[in-house]
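Subject: Structure handover

Hello,

Here is the structure I promised to pass on. Please open it alongside this email and follow the notes below.

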Amino acid sequence: MSIQFHEPTGVFSLETAHSLYQMKADEAGVLLHLYYGEKTSGNMDYLIRYSDRGFSGNPYEQRDRRGYSLDTLPQEYSGSGVGDYRLPAVQVLSENGSRSVDLRYVDFQIEKGRQALHGLPYIRESADCETLTVTLRDDVIGLEAQLLYHVFPSQDVIVRSVILKNTSKKTLTIGKAASACVDFLYGDFDALHFHGRHCMERQAERLHLPKGATSFGSRRGMSSHHSNPFVILSDRRATEHQGDCYGFMLMYSGNHLEEMEVDQAGSIRIVTGIHPDGFAWRLEPGDTFETPEAILSFSAEGFNGLSNQYHRIIREQVIDPRYRGTKKPVLINSWEAAYFDFDAEKILRFARSAKALGMEMLVLDDGWFGKRDDDNSGLGDWVVNEKKLGCSMKSLSDQIHQIGLKFGLWFEPEMISEDSELFRAHPDWALTDPERKPMLARNQLVLDMSRQDVVDYLVNAMCAVLDHAKIEYVKWDFNRSIANCYSHALPPERQGEVAHRFMMGTYQLLSRLLEKYPDLLIEGCSGGGGRFDAGMLFYCPQIWCSDDTDAIERLEIQRGTSYGYPASAMGAHVSASPNHQTSRMTPLSTRSIVAQSGTFGYELNPERLTEEEKEQIKAQISDYHRFEALIAEGSYYRLSELDENKDYEAWMFVSPDQKEALVNLVMTHIRANGPFPYIRLQGLDPRQVYRLEGTEESYPGSALLYGGYAFGQLRGDYPAIQLHLISEEA
Ligand code: DGJ
C-alpha cells in the first residue's frame, strides 16, 4: 500500500520508491503539511512547532492558543482572507462580496487506481497507482474541496489536483484554484525555471529564492515559449548528479502560475495552477470545477535523477500507450525547404530525393489550403487549394505513398485569418472584444474554442481532409498568443471562464480526432515550442521543440527541455547551413548529432545537397535507426553543470540494462592551446567493461565513471563527437 492512514496520530503517508509525503488534520481540522522528501520511517509530525509571532493572528476558536496561527503553520491547501498571509491556493468571491475561504478537514478515502479527469489531460493509471481523496469544507460559504493525490510508487511521482464543489444555494465565483500547494518548513532553496522567447524556448535559469514571493507564469492563453509550466526547487548545493530536487510540473497548456514564497520564518511555500489573472469561474449551486493536474516528484540524486523520473512518467503514463515502443518515421518537412512556394511537382521531387536518402515520411507544411501564399490569410479555410497544388490532396498523397513515403500535413486549427471565408461567414467565432479593434499577431485572430459549434466545425473540416487522402501525421501549430479573450457566446459574467474553456475545447478537438483516427501521429507545435507541456504530450507524443533549428542554439533549448521532458518528445531536425534563423555555419555531422537526440528529421531542400552530403545523410539515418530505442527509452544524463562550462555541451543516454550508451559532445567554443575536455560519464555499470565502437578501445565502466573519458583536442567550427559504448557482456 503506497497510501496509509495512521489512525492514532491521524497522519497520512504517501510513499513512493524513494520518497515520502505526509500530512495530517490537526485538532482544529486544519490540514497540515508535514513532510516531503527522502524516505524516512515514522511520523514526521514532531517537526511542527508552535510559536507566537507578532502580527500572525489566531483563529477565533483558538484564541486561547496564541502560538496557533494559520500564518505560521504549514498548510496543505491554503485558504484566503482568514489569517494566512502567505500565498493563497484558493480564492472565492461569495455573493455577499466576502472573499474569505477557510477550509477544514471532513474525511478521506483511499482507493486503488484512479478516475480520469473530465475534459482535461491526466496521468494515465498504472498497475500500482493509488488515490487518496481528502475532503475539506468551508461551512460558511458552502465550498467543498476534494484534494486528490494519485500516487505512482514505482515512478516516484505524486499527482495532485483539486475538485471544488459549491454545496451552497448561492453562486460562488472562483478567482483562483491552484492544483497544488506545498509548504516546506525550512530549506535553502534554489528555483530552476525555464524562461525564453520565440526561437529560444526553455532556457534554464537557476535562482536563489529570496525572501518574499517569486513567480513565473504565462498570461498568453498558452503555456508559452516564455515560461514553461515546470519549476524545480533544489537544495542550494544540489548538482546535476546529487542533492535534493523537487519538481512541480503542471499538466496544462493554457495560462499558468508558479509562485514561491519564503516567509518571515524561513519556510517556503510553492503554489502552482491556472493563472488567476483574468480567471473567474462561476460555480452555481451543485456545480464542480476540476483543476488540471500537477505532477510532483522528488529525487535526492540531483537534477539528472529528477529528470529521469519525469522522463519515465511522461513516457509511461502521459504519452498515449499506442505510441510506446513504436518507431517514429524519419521525416522531411517542407517548411524551410520551400516555405509557401510549392506545388505538387516540387513536393514530389522532394519526396523522391528524400526516399533515396532513406527518409520515411514527407510533411507538407503551411500553405496547402484556402488562400495561403503567405501568412496573412486563409486560416480556418481547411479546403485543399488544388489550383496551387496542381492536383487533389488524394492524388498528391497517393503519389507520395507510391514513392514509398508516409505523408503528413500541417494544420493550425485554433486560428482564423480576418481574410478567410470562415471569418466572413462567422466573425463572431473569433475571440474579439465587442468594443475594441482586436490585437493581431501574424495578421491572424484566435478562434473561440470555448464554443461547441467551433469545435464541431473543426472536427468536420479536418476530417474532410483526413478522410479524403491518406494522411498518417498532422503537425498541429499555434502561432500567436491570445488577447481579447472574449467569447461572443458567453454572458458577461462568464467571460472569466473563456481562457480555460478555450483549452478544454482544444483538448476535446484533439481527443475526438484521435478517437476517429487511432493511428494518426500528431506532432504538437506552437511557433516551435510555445506549447511544450505535459498537457499537449497527452495527445501528441512529440512536439516541435523550437523554430530555431540552429544546432548550436538547439543545444541550450534541448538541454533546458530535457530537465522535464524526454528526448523522445522533442521534435528536432537537421536544417541547412547557413542556418535560416542565425546564418551560422555548422558541420552536417554536428547538426545530425544534435537532432538525433530528439524525434529525428530533416528540414532542408534535398535537391541542394552535394553527393558527399547525401552519403553522410544516408549514414546518419541508419545510425539513428540503430540508436533510436536507446535514445527513446534510455536514461538521460547532462554531463556538465548549468552555466559552469562555456566550451562544450555534453550529454549521454544509457540503455535500461546498462549494456549500451551513447555519449554526445559538441564544442561550442574552440580555444587555441585550450584544455582537453575530460568528462566523467554517468549511469554506466562500474562492473562492466565497455567497448568503444569503431575503435580498439575498451574501458571499465568504473574508469569512465570516476576517471572520465579523454576527448582530446578538437578543432574547427563546432565539431562534435559521438561515442557508442557497448558492454563486452552484451
Ligand atoms: C511555425 C512552425 O513552428 C514552423 O515550423 C512552420 O510550421 C510555420 N509555423 C508555418 O507557418
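Start with a contact inside the protein. A polar side-chain atom of Gln22 sits 2.8 Å from the backbone nitrogen of Met44. Gln22 belongs to strand 3, which covers residues 19–25. Is Gln22 buried or exposed? Gln22 counts as buried because its relative accessible area is 1%, and the cut-off for buried is under 20%. Bear in mind that this is a predicted model.

- Asp477: a polar atom of its side chain is 2.7 Å from a ligand nitrogen.
- Arg442: a side-chain N or O atom lies 2.9 Å from a ligand oxygen.
- Trp544: an N or O atom of the side chain is 3.5 Å from an oxygen of the ligand.

How much of the ligand does the protein cover? On its own, the ligand has 290 Å² of accessible area, and the protein covers 98% of that.

Now the empty space. Rolling a probe the size of a water molecule over the atoms shows where such space is left. The structure has five cavities of 30 Å³ or more.

The largest cavity has a volume of about 120 Å³. Its lining is made up of 16 residues. Closest to the centre are Gln75, Tyr77, Gly79, Asp102 and Leu103. Eight of the lining residues are nonpolar, six are polar and two are charged.

The second largest cavity holds about 80 Å³. Its lining is formed by Leu555, Gln558, Arg559, Ser562, Met570, Ser597, Tyr636, Glu649 and Trp651. Two elements each give two or more residues to this lining: helix 10 (551–562) and strand 32 (648–654). Which of the elements gives the most? Helix 10 does, with four residues. By class, this lining splits into four nonpolar, three polar and two charged residues.

Then move on to the second largest cavity, where helix 10 gives the most to the lining.

Best wishes

How values were computed. Residues numbered from 1 in each chain as written. Predicted model: local features only at pLDDT ≥ 70, side-chain atom pairs only at ≥ 80, totals over all residues. Heavy atoms only, no water. 1 Å grid on protein atoms, 1.4 Å probe; cavity = no way out; pocket = protein on both sides within 12 Å on 5 of 7 lines; lining within 4 Å. Points joined across faces, edges and corners; volume = space filled by probe spheres on them. Nonpolar A, V, L, I, M, F, W, Y, C, P; charged D, E, K, R; others polar. Polar contact = N/O pair within 3.5 Å; in protein donor to acceptor, adjacent residues only side chain to side chain. Areas by Shrake-Rupley, 256 points an atom, 1.4 Å probe, with all protein chains shown as cover. Buried < 20%, exposed > 50% of the residue type's maximum accessible area, 1.4 Å probe, protein only.
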